[in-house]
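Here's a quick tour for anyone meeting this structure for the first time. Have a look at it, then read on.

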Amino acid sequence: MSLLEGADLTKIYGDGCESCRARTGDSAGTNQCPVCGSVVACADVNLSVAEGEVLGIVGESGSGKSSLAETLALAADDGGEGESGSRIEGEIRYAGHEGNLLEVDYETRHRLRNGDISLVHQHVRDGLELDFSGGGNVAEKLLSAGWRNYEAVRERVRSLFEETEIPVGRMDDPTHTYSGGMQRRVQIARALANDPAVVVLDEPTTGLDVSVQARVLDTFRRVQREEGVAAIVVSHDLGVVRLLADRTLVMRHGRVVESGLTDRIMEDPHHEYTQTLINSVI
Amino acid sequence: MTETDRPETTPTDAVDSALESLSDDGLEGYNYAYLDEHTKREVRRSILKAIAVPGHQVPYASRPMPLARGWGTGGIQASLSILGPEDTFKVIDQGADESVNAANIRRLATETAGVETTTDTTDADVIQTRHRIPEEVVTDDQILVLQVPITDALRTVDSSDAANRRRHAHKNYGKMWVHLYENVVEWGEINIAARYPTMVAGRYLMDPSPIPRWDVPKLDDADALFVFAAGREARIYAVPPHTAVEPLAFEDRSFQVERFPDQACDVCGSTDTYLTEVDDASESAGSTGSRGGIDGSGGSRGGIDDDGGSDAAETETGSDAGDDGRRYVCNDTSFCHKRRSNPDLPRDHHLDRDDVDWGPGTTAADRGGEST
């Protein structure tokens, strides 16, 4: 039984028309509908994650990875209407909830996002309040979940900082004084605060230098195994996905062009685009 | 406008004579209580809605008033809408009845609504107040109208009203809790001097207007109705009688009122009232006294350079200050006045009940200690 399942997930920016799906995608070579000009960020995506499993999503910039990640993490605050006129269709099933997660009300979505499904944003500014202290950012998750004992919150934040290898001494400094790697770790600590079942990481290492990338990935891999949390890792970097993911989806122009075990994709890519992708990296 | 447009010259030697000369032609054409009936009805309707949804900010039109917004226009509109000719009106500005603003508001109500005014808390039917709740217990036949500069407690943590309205709608107050958490990190306790965030009836987070923490417990399960009115922001909210009002705090970092260690009022000798620091060296007692509590810092900072000279209860005149020119006096001048003639006067002296819980000094624990 899978923990989180997405069926026919589609996200369209713009008005949309009848020919949107037919005239975009891998075969059409674009993600913008030539008739109405809408952008089909992702369409007809099916995926599932089992408990404790890591699913990788790779693809070039603009292939719809982040849109898919945000959809899965229930990031859109206004439900159906979405921000900047986007429309989301399809179904997300989650083991801890009856029904389609795309149709829940704000409060349920907020509760799920706070406790069950966390997102590590691609952009630090989306995920963290930079004027708050690093500890405060992590504490927000706990306080939103109803923690009302100051010392208990402190203790939990401290242990999360230790777990994600952020210097505990910097806990009470404003987050904008942190280095990029630390900010990324704070996001991970925050995402793990309420012991979620699934963590969605959107480009967890972009903008970090190689040694810091390695440490962030090591940290996450260790914590992920210790806690047994399922993860969806979105990255344009095949190395990241190879290191973390058990199974991998390859996306292009908003469609999944290939999926399978990460080993298989790396060693024996079937789709032409995947072959190019792997040849160009390795 | 040129000089010739004026019918006759107005005497400018004294304010009273100037007002006197204008009194006939100025108010003749005005409706009772200055505002027109539609406006008053709208304000009352907003007040009723605010009472029905305790702590929720209800919008209203907020008419232009004959003074600038931010000077109590919301409070005046609410007061004038609920005052009737039989009522007695009291106006407090930062604890004092004597400030220019309070006197002018009183005068507006007298002239246009024909009400009696008083400075005695127990005599008033409607009390309009800025930044204080009286020391004397307010009863179930009294209404308190509080002037509000900033309506939303969440604005401290997010300047977007749209986002904050959504937070209120979904009772999503995580950000405010982070604010309190960071406060404890920085100060070791929650150090919010005024506008202390409070939960009303377990549902809405409310800005109780810039009253000191001292006054916040008085809102909880009170006999009186509290109406909060903001003119600039055009919002009215309310705490109906006997509503639970709980200041936000952690289980292990509880809400604390201001502390005045070893201080007594220099005028009446009270040790159980909210005191403000008066610096005679730079300003006259009256003006500092009424301004001292704006950020609560006067009181909460009080103990720092206490030079131990306050054992002298030789207060009496008040003009001879301590050696450094600083004194502590009651912020609530009307109650201080009563205490001068009767130093042991309890806050609930006008009630025949003895179980009144009215903030610091009146809780069951406090009563046990000082029962006579």
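Why is helix α3 (residues 73-82) of chain B largely enclosed by the rest of the structure? Because 9 of its 10 residues are buried, where buried means that 20 or more other C-beta atoms lie within 10 Å of a residue's own, exposed means 12 or fewer, and partly exposed is in between, with C-beta atoms placed from the backbone. Bear in mind that this is a predicted model, in which local features need pLDDT of at least 70, side-chain atom pairs count only at pLDDT 80 or more, and totals for chains, interfaces and linings use all residues. Residues are numbered from 1 along each chain as its sequence is written, while chains are lettered from A and ligands numbered from 1 in the order in which they are written.

**Chain B in outline**

- Chain B has 11 helices and 12 strands; these are DSSP runs numbered from the N terminus, with helices being H or I of at least four residues and strands E of at least two.
- Of the 372 residues in chain B, 42% are buried.
- Back in α3(B), the buried residues are B:Thr73, B:Gly74, B:Gly75, B:Ile76, B:Gln77, B:Ala78, B:Ser79, B:Leu80 and B:Ser81.
- Take the contacts in chain B between residues at least 6 apart in sequence: 69% of them join residues at least 24 apart. Two residues are in contact here if their C-beta atoms, placed from the backbone, lie within 7 Å.
- B:Ala234 sits in the loop between β8 (225-230) and β9 (235-239) of chain B. Its phi is near 55°, a positive value in a residue other than glycine, and B:Ala234 counts as buried, with 20 C-beta neighbours inside 10 Å.

**Domains and the chain-chain contact**

- Chain B is split into domain 1 (3-147) and domain 2 (275-364), with bounds that come from an automatic or database domain assignment.
- In chain B, 18 residues of domain 1 are in contact with 17 residues of domain 2. The domain 1 side of that contact has 3 nonpolar, 8 polar and 7 charged residues. For these classes, Ala, Val, Leu, Ile, Met, Phe, Trp, Tyr, Cys and Pro count as nonpolar, Asp, Glu, Lys and Arg as charged, and the others, Gly among them, as polar.
- Between the chains, the contact takes 14 residues from chain B and 16 residues from chain A. On the chain B side, those residues divide into 6 nonpolar, 3 polar and 5 charged.
- Chain A is assigned a domain 1 (4-116 + 196-281) and a domain 2 (127-194). Taken over C-alpha atoms, the centres of these chain A domains are 26 Å apart.
- The chain A domain contact uses 13 residues of domain 1 and 14 residues of domain 2. On the domain 1 side, α7(A) gives the most, with 6 residues. That side divides into 8 nonpolar, 4 polar and 1 charged.

**Helices packing in chain A**

- The axes of α4 (residues 134-144) and α6 (residues 180-192) of chain A come within 8 Å and cross at roughly 20°. Axes are lines fitted to C-alpha atoms, for helices over the stretch in contact, and angles run from 0 to 180 degrees between N-to-C directions.
- That crossing angle makes α4(A) roughly parallel to α6(A); angles under 35 degrees count as roughly parallel, over 145 as roughly antiparallel, 65 to 115 as roughly perpendicular and the rest as oblique.
- On the α4(A) side, the contact is made by A:Gly134, A:Asn137, A:Val138 and A:Lys141, and on the α6(A) side by A:Val186, A:Ala189 and A:Arg190.
- α6(A) also packs against α7 (residues 210-227) of chain A, at an angle of about 10° with axes 10 Å apart. This pair is roughly parallel too.
- The contact of α6(A) with α7(A) has 6 nonpolar, 2 polar and 3 charged residues.

- A:Arg158 is found in helix α5 (residues 150-163) of chain A. It counts as partly exposed because it has 14 C-beta neighbours inside 10 Å.
- Leaving out residues up to four places away in sequence, A:Arg158 touches A:Val168 and A:Met171.
- A:Leu74 lies in the loop between α1 (65-72) and β4 (86-94) of chain A. A:Leu74 is buried, with 23 other C-beta atoms within 10 Å, and its phi is near 55°, a positive value in a residue other than glycine.
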